[in-house]
Amino acid sequence: MLLTNGRIHTMDAAGSVVDSLVIRAGRVVFAGRRADINPDPGEGVLDLCRRVVLPGLVDGHGHLMLLAKARLELDLTSADSEREIAAMVGAAAARRRPDEWIAGRGWDQTRWPGQPFPTRESLDRAAPGHPVALVRVDGHATWASSAALARAGVTRHTSDPPGGRIARDDCGEPTGLLIDMAQDLVRPLVPTPSEERFDEAVRAVIAECLAKGLTGAHEPGLDLAAVASYTRLIGRGHFPFRVFAALSGRKAWGEYRERGAVETVGDGRLTVGALKLWLDGALGSRGAALHAPYCDDPGNTGLILVPPEEVERLTREATSRGFHVWVHAIGDRANALVLDVFEKVLGAVGPRPRLRVEHAQILAPPDIPRFARLGVVPSMQPTHCTSDMRWASERLGPRRLEGAYAWRSVLDAGAYIAGGSDFPVEDANPFHGLHAAVTRCPRDGDDPRWQPAQRMTRDEAVRSFTIWNARSIGREGELGSLEPGKRADLIALSDDIFACAEERIADITPVLTMVGGEVVAGGPPAR
Ligand SMILES: [Zn+2]
């Protein structure tokens with residue numbers, strides 16, 4: 001097929017812009033000027049109508065499995081108070097058997113008046129008898145009802161598990177809030193959806209992602225049931241997307257590692273090629289591991305979920321089997337610890353594995369140049385900055401903010417960034433991320449720019465969602481730009497991302513999305 005009459009930003013090293021592409025067998029075979037090609041007679045021609053075309057955007061940190069699961073649970077992301085959520089739980093309880101679980105996701109107490117953490121009492125009143133487990137928007141805390149705590153056997157006598165905290169009232173009774181590893185007391189008890197329902201939800205969220213301009217995602221934490229689901233869908237031709245997945249923590253790794261080498265399914269649709277570990281918690285639930293205490297919680301320096309020695313052992317084991325390793329680190333202490341671990345491991349191995357720090361959110365100044373020096377990739381999510389700017393300074397104070405969401409500093413020190421959203425924590429729309437990276441302004445535009453010196457250029461932002469993402473998984477020879485030999489994953493845009501007003505970047509939509517040379521969303525652009 002010939003795609004012509006476009007403004008095609010190939011995102012190659014030279015930044016070439018061409019008007020035509022030839023695609024055969026799912027790959028780009030030519031990128032250049034229309035005048036330089038003679039299409040075969042009978043070859044399809046698609047007129048791009050002068051649209052701007054980019055390589056398909058890839059979310060460098062997107063939880064497809066969690067987004068699919070969230071679609072099968074209560075969606076709490078838009079709730080503005082504890083009372084509103086209790087009412088939603090009450091309505092759900094009325095539709096269920098008395099002892100049936102109620103699961104939900106997406107609450108965020110920083111959006112509520114006074115920002116208090118919720119307690120089990122409101123859930124007990126709304127749904128007495130029902131075990132209820134509601135996951136915080138960032139996945140780092142679960143709000144449970146008394147019935148859920150009772151099923152889990154959690155009482156005042158239960159001690160905090162390693163890497164977790166059971167919030168307690170003044171009398172020592174659990175309040176219902178379980179932070180980080182303490183969530184594992186309750187979450188495994190929540191029934192999982194049937195294969196059919198989960199597969200349907202995966203198909204639906206893939207369609208959403210394609211319509212938003214994503215042609216793939218790096219999934220930081222997949223369990224074996226999801227690997228099986230994606231594999232089933234690929235077999236049926238129902239997976240028009242690319243996922244490069246990291247196994248979710250020690251449990252999934254223990255079950256999977258004996259399969260050995262990196263596994264690719266369905267002509268590059270699914271690659272299980274990395275191990276994801278969580279070193280600390282998150283800033284919103286004050287579980288991110290900091291060098292000095294939280295400004296708004298003196299005495300608390302956050303949580304270490306897995307001891308660094310264990311991260312080191314697993315990193316060596318996974319890299320020796322050809323897997324990449326991605327370690328979640330948000331706080332400055334966690335980032336220093338993971339860079340220490342990676343420095344030790346990289347000193348020992350032969351061929352350099354791709355090691356990534358997921359989030360790299362709060363960095364002490366001496367750690368910023370270590371990414372480029374070690375060849376470790378910071379995997380960062382621009383919309384976390386524009387969401388967290390409302391309250392991050394209360395947690396961190398002014399001095400630590402200088403190393404927070406510090407894209408410019410990391411790039412200027414010579415590193416490249418894998419860009420993502422962390423959906424379902426944020427919306428999967430990659431144009432929201434590109435907008436945040438370029439403006440450091442919330443989408444409603446009312447707030448002033450936050451630390452504007454840390455902005456990316458438009459070219460850097462697009463690279464972070466395309467070629468840099470490909471490089472961060474060692475697939476830059478196959479993905480990330482529109483050059484001959486690479487897979488024909490691309491999008492045509494409603495507006496010119498390089499020329500439109502900055503504040504309009506978030507409103508851009510793809511009019512056409514192609515994966516492997518096939519139109520998977522939208523259609524031929526109209527004039
Ligand atoms: Zn995540």
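Two cavities of 30 Å³ or more are counted in this predicted model. A cavity here is a set of points, on a 1 Å grid over the protein atoms alone, where a 1.4 Å probe fits but cannot get out; lining residues have an atom within 4 Å of a point. A volume is the space filled by probe spheres set on the points, with grid points joined across faces, edges and corners.

Residues are numbered from 1 along each chain as its sequence is written. In this predicted model, local features need pLDDT of at least 70 and side-chain atom pairs count only at pLDDT 80 or more, while totals for chains, interfaces and linings use all residues; side-chain values use heavy atoms, without hydrogens and water.

| Largest | about 240 Å³ | nine nonpolar, ten polar, five charged |

The largest cavity is lined by 24 residues, and Val58, Arg242, Ile473, Leu479 and Asp489 are the closest to its centre. Strand β15 gives the largest share of this lining, four residues. Helices (H or I, at least four residues) and strands (E, at least two) are DSSP runs, numbered from the N terminus. The second largest cavity is lined by His359, Gln361, Met380, Gln381, His384, Tyr405 and Trp407.

Elsewhere, four strands form an open sheet of mixed pairing, in the order β5-β4-β1-β6; two strands pair if DSSP finds at least two bridges between them. The edge strands are β5 (27-32) and β6 (45-47). Strand β4 (residues 20-24) pairs with β5 in the antiparallel sense over five bridges, and Leu21 stands opposite Ala31 in β5.

Terms used: On a 1 Å grid over the protein atoms alone, a cavity is a set of points where a 1.4 Å probe fits but cannot get out, and a pocket is an open set with protein on both sides within 12 Å along at least five of seven lines; lining residues have an atom within 4 Å of a point. Ala, Val, Leu, Ile, Met, Phe, Trp, Tyr, Cys and Pro count as nonpolar, Asp, Glu, Lys and Arg as charged, and the others, Gly among them, as polar.
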